[in-house]
Amino acid sequence: MRTLLVTTAFFTTFAATAQADMARYELDPEHTSIYFTVDHIGFAKTLGIFTDVNGSFMYDVDTQELGDVSVTIGTASVNTFNEARDGHVRKPDFLHVSEHPEITFVASGGAPTSDTTGTVTGDLAILGVTQPVTLNVTLNKIADYPFGHQREVLGLSMTATIQRSDFGMTYAVENGLVGDVVNISIETEAMKIE
């Protein structure tokens, strides 16, 4: 699976002519977390995470050009820290994992806001519905990993907000039992592989 939401830092639209100078980075699955919060009856927000995440992108550290961003999330990997709730979230009321086993994100461009922050825009597909989404991205660090694989690593933090009803997930929105707004956070270490 290729993955969701790499999404990622970077702050300029990519140019096809610069592809030759770009390097490929892959999300390190051992150091990538995608988590979300959704309001529960107005009392508190419920936390959930996805544990099956894969993704890659092309990036030029010198020019900050970004390309070929693709992220995939396995919907069955959702974990809200409650077995009964997880079972419900996997059913047709929410993620309908038997019919829609993946959430995907493909980026189409970006814009810098500083040397280490910016936005990445792209298409997020959930339940077979695709909507535009903007990620707020912070580039935390670029350095060779100090042990293990010792590859160059980009450390990234990202956030986005979506409305689940935009993707046809309307269960309990009208009566206010489950919030419509979903706040998404992504923490990742992306390893250079080319």
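Me: Which backbone oxygen does the side chain of Arg164 reach at 2.7 Å?

Reply: That of Gly179. Before we go on, this is a predicted model, where local features need pLDDT of at least 70, side-chain atom pairs count only at pLDDT 80 or more, and totals for chains, interfaces and linings use all residues. Residues are numbered from 1 along each chain as its sequence is written, and side-chain values use heavy atoms, with hydrogens and water left out.

Me: Where is Arg164 found?

Reply: Helices (H or I, at least four residues) and strands (E, at least two) are DSSP runs, numbered from the N terminus. Arg164 is in the loop between strand E9 (152-163) and strand E10 (178-192).

Me: Is Arg164 buried or exposed?

Reply: Buried means under 20% relative accessible area, exposed over 50%, and partly exposed in between, using a 1.4 Å probe and protein chains only. Arg164 is buried, yet has no salt bridge. A salt bridge is a side-chain nitrogen of Lys or Arg within 4 Å of a carboxyl oxygen of Asp or Glu. Here the nearest side chain of opposite charge, Asp180, is 4.7 Å away; Lys and Arg count as positive, Asp and Glu as negative, while His and the chain ends are not counted.

Me: Which backbone oxygen lies 3.1 Å from a polar atom of the Arg164 side chain?

Reply: The one of Met169.

Me: How do I read a nonpolar core, and how many residues has the largest?

Reply: In soluble globular proteins, nonpolar side chains tend to be buried together. A nonpolar core is a set of buried Ala, Val, Leu, Ile, Met, Phe, Trp, Tyr and Cys residues joined through side-chain atoms within 4.5 Å. The largest here has 43 residues, and Phe50, Phe57 and Phe105 have the most contacts inside it. Strand E1 (23-40) gives the most to this core, with six residues.

Me: Why is E4 described as largely enclosed?

Reply: Eight of the 10 residues of E4 are buried, so the rest of the structure largely encloses this strand.

Me: Which strands pair with E4?

Reply: Two strands pair if DSSP finds at least two bridges between them. E3 and E4 pair in the antiparallel sense over seven bridges, with Gly55 having Val71 as its bridge partner in E4. In the hairpin of E3 and E4, four residues lie between the strands, and Gln64 takes a positive phi near 65°. E4 and E6 also run antiparallel, joined by five bridges, and Ile73 stands opposite Ile103 in E6.

Me: Why does Ser185 count as buried?

Reply: Ser185, in strand E10, counts as buried because its relative accessibility is 17%.

Key
A polar contact is a pair of N or O atoms within 3.5 Å; within protein, one must be able to donate a hydrogen and the other to accept it, and residues adjacent in sequence count only if both atoms are side-chain atoms.
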